[in-house]
Amino acid sequence: LREAGELGTPCHYYHSLFAGSPLRYREWGVGWMLDPNIAGAGPLWNFGPHVIDLYLYLVDPHVAEVECCVSHGVHHLAIEDLATVRLLGASGVVGTGEVGYTMPSSYQRFFSLTTDRIHCGGAEMGKGTVYVRDGEDIAFDGPDSDTVYGVYVQDTLRRFAAREPAKATISDMAATLRVMHAARASARAQAIVALHG
């Protein structure tokens with residue numbers, strides 16, 4: 001929709017991504033994922049980048065302020081169980097992202113984006129509806145996360161073999177990391193963190 005000029009001006013963003021217990025990492029031999037000194041944090045640093053990156057990509061590449069609250073009330077570990085991040089873009093659009101190890105098992109996702117032209121709601125596990133103002137609604141049924149990883153790996157390997165540039169580079173991650181660091185600082189200080197420049 002954006003590439004076709006039909007997305008419109010974003011005015012609301014919400015994205016949640018919840019997973020099962022982080023204790024599975026001990027069983028998988030990667031117990032360091034539970035140590036914030038090594039892993040950075042819990043779900044905020046594990047899959048929080050997806051939520052933040054999509055805001056930067058779809059809504060506003062320039063975040064003016066970040067506010068983050070975390071909870072340790074489910075598993076009582078050094079890493080958080082839940083992180084809620086509020087982003088205020090330079091354009092004034094507020095985005096809310098929530099990530100957590102709060103599901104009994106597996107994953108749950110929800111994505112919502114509203115612009116002056118569309119509302120994309122209920123986008124869970126690759127399925128949802130784009131509600132179009134002054135137009136016909138669009139139902140979509142995309143691949144689930146397991147399928148997406150395979151597509152991503154195949155595309156990455158194909159680009160590498162063909163000596164084509166990567167779809168995303170480490171430079172693309174820099175803006176996301178900047179917001180993640182601000183979110184962690186906000187949670188620690190229990191205060192809003194302003195980003196400049």
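Because the model is predicted, local features were taken at pLDDT of at least 70 and side-chain atom pairs were counted only at pLDDT 80 or more, whereas totals for chains, interfaces and linings use all residues. Residues are numbered from 1 along each chain as its sequence is written, and side-chain values rest on heavy atoms, with hydrogens and water left out.

Ser16 is found in strand E1, which spans residues 10–19; helices (H or I, at least four residues) and strands (E, at least two) are DSSP runs numbered from the N terminus. With a relative accessible area of 4%, Ser16 is buried, where buried means under 20% relative accessible area, exposed means over 50%, and partly exposed lies in between (1.4 Å probe, protein chains only). When neighbours within four places in sequence are left aside, Ser16 is in contact (heavy atoms within 4.5 Å) with Glu98, Gln108, Arg109 and Phe110. Gly42, by comparison, is found in the loop between helix H2 (36–39) and helix H3 (43–46), and a relative accessible area of 1% places Gly42 in the buried class. Under the same exclusion of neighbours within four places in sequence, the contacts of Gly42 are Ile79, Glu80 and Tyr101. For one of these residues, Glu80, the C-alpha atom is separated from that of Gly42 by 5.3 Å, although the two residues are 38 apart along the chain.

The cysteines were examined next. A disulfide is a covalent bond between the sulfur atoms of two cysteines, and the criterion applied here is a pair of cysteine sulfur atoms within 2.5 Å. The structure holds zero disulfides. The closest cysteine sulfur to that of Cys11 belongs to Cys120 and is 13 Å away, which is too far for a bond; likewise, the sulfur of Cys120 has its closest cysteine sulfur in Cys11, at 13 Å. Cys11 is partly exposed, with a relative accessible area of 47%, whereas Cys120 is buried at 8%.

Side chains of opposite charge can pair when their charged atoms come close. With a salt bridge taken as a side-chain nitrogen of Lys or Arg within 4 Å of a carboxyl oxygen of Asp or Glu, the count comes to five salt bridges. One of them joins the side chains of Arg86 and Glu65 at 2.8 Å, N to O. Because Arg86 lies in strand E3 (residues 82–89) and Glu65 in strand E2 (residues 63–71), this pair ties together parts that are 21 residues apart in sequence. Arg86 also meets Glu67 in a salt bridge of 3.1 Å, N to O, and since Glu67 lies in strand E2 and Arg86 in strand E3, that pair ties together parts 19 residues apart in sequence. Both glutamates are partly exposed, Glu65 with a relative accessible area of 21% and Glu67 with 29%.

A further salt bridge is formed by Arg158 and Asp155, whose closest N and O atoms are 3.3 Å apart. These two residues both lie in helix H5 (residues 145–161), three residues apart, which corresponds to about one turn of the helix. Arg158 is partly exposed, with a relative accessible area of 40%, and Asp155 is likewise partly exposed, at 22%. Through salt bridges that share partners, Asp155, Arg158, Arg159 and Glu164 are joined into one network.

A search of the whole structure finds six aromatic pairs, defined as rings of Phe, Tyr and Trp (its six-membered ring) with centres within 6.5 Å, where planes under 30 degrees apart count as stacked, over 60 as edge-to-face and the rest as tilted. Tyr14 and Phe110 form a tilted pair, with 6.1 Å from centre to centre and 50 degrees between the planes. This pair links distant parts of the chain, as Tyr14 is in strand E1 and Phe110 in strand E5 (residues 107–115), 96 residues apart. Within it, Tyr25 is buried, with a relative accessible area of 8%, whereas Trp28 counts as exposed at 56%. Tyr25 and Trp28 form one aromatic cluster with Phe47 and Tyr101, and Tyr101 is also one of the contacts of Gly42.
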